[in-house]
Amino acid sequence: MPEIPVRPDERVEQYVRYFTETADGRALVTAWLKRSGQYRSAVRGILAERGLPLDLDAVAFVESGFSPYAVSDQSAVGLWQLMPETARAYGLTVAEDYDERRGIRVATDAAARLLTDLFARFGSWDLALAAYNLGYGRLVSRMRDVTTYDFWVLARNGVLPQETAVYVPKVLAMAVVLRNLARYDFDDTLPLPPLQVSDLPVPAKTPLYMVARAAGTTLQKIRELNPEVLMDRAPEGKGDVAVHVPSEGLTRARVVLPRLLSDQRVARERDAERRRNERRAAKALARMAGKAPAVLSSPYRTSRPGR
């Protein structure tokens, strides 16, 4: 059984049966398991660092299907489906060109700290998960006039909205399935290999195509490793910013990128000098034209002045 306490409940059993016995449910779990291979070891490592039950990765399965690109109609984003205000409260950047909710490590660490705080406040994982779904303030408001802190009683008595009442059993059921993949015949599902990623410090606004060239990979690969970067350049910042590159390309990138940036600066300086020269030439010609308009009106003179 999972490290998270799972109470025997018909709703949990219903979701276990859905995930393991129905065609739609099995298709979902299979797709989630395959995708999760890219990120799951990193996610579980962070949960362990925070002293949390590893079974909490079931939250990311249920929230997003383990996709950093998931977006809800309520503007929740990423593996952990964090809302903008919650993400900012836990130190993440949410901007038009850079959204750390789509990141793997930083978003997981933020979600882990949020779950830690919710568990400390409510004293049970059932209520912590309910607050994760509903929101801390809204759960506190709904519990203000009740005498129990038992999630199952609150759900049964209609204190919680239906979405939250089924969310917690769904997460617990997913945790049960993940703990028993062989029992439910998912052990032959091959997850995608983990992404081997290293951080490369680059100057703010560095074009991603240049990072790709430096690391010896493709622009598509750099985009895949950096779902939080929403433009074709590194985000703005006061100093260097970290861009994820394939680990095997890190040493090369550290050597090649400064050269590419230097060549870019030289090219920009030459282009700027060319534009300055063009502006000076245009001003000089304009002054000459003002002094001798008849002479400069045409490049071809068909007769001498006075004839």
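Me: How many aromatic pairs does a search of the whole structure find?

Reply: Before counting, note that this is a predicted model, where local features need pLDDT of at least 70, side-chain atom pairs count only at pLDDT 80 or more, and totals for chains, interfaces and linings use all residues. Residues are numbered from 1 along each chain as its sequence is written, and side-chain values use heavy atoms, with hydrogens and water left out. Rings of Phe, Tyr and Trp (its six-membered ring) pair if their centres lie within 6.5 Å; planes under 30 degrees apart are stacked, over 60 edge-to-face, and the rest tilted. Here the search turns up seven aromatic pairs. One of them is Phe19 with Trp32, an edge-to-face pair with 6.1 Å between centres and 65 degrees between planes.

Me: Which helices do Phe19 and Trp32 lie in?

Reply: Helices are DSSP runs of H or I, at least four residues, numbered from the N terminus. Phe19 belongs to helix 1 (residues 10-21) and Trp32 to helix 2 (residues 23-36), so this pair ties together parts 13 residues apart in sequence.

Me: Are Phe19 and Trp32 buried or exposed?

Reply: Buried means under 20% relative accessible area, exposed over 50%, and partly exposed in between (1.4 Å probe, protein chains only). Phe19 is buried at 2%, and Trp32 is buried at 12%.

Me: What about the rings of Phe122 and Tyr136?

Reply: Their centres are 5.9 Å apart and their planes are at 55 degrees, so that pair is tilted. It links distant parts of the chain, with Phe122 in helix 6 (residues 105-122) and Tyr136 in helix 8 (residues 136-142), 14 residues apart. Phe122 is buried, at 6%, while Tyr136 is partly exposed, at 41%.

Me: Which residues do ring pairs link into a cluster?

Reply: Tyr15, Tyr18, Phe19 and Trp32.

Me: Which charged end sits over the ring of Phe122?

Reply: A charge sits over a ring if NZ of Lys or CZ of Arg is within 6 Å of the ring centre and within 35 degrees of the ring normal. For Phe122, that is Arg121, 4.9 Å from the ring centre. Arg26 lies over the face of Phe186, at 4.1 Å from the centre.

Terms used: Helices (H or I, at least four residues) and strands (E, at least two) are DSSP runs, numbered from the N terminus.
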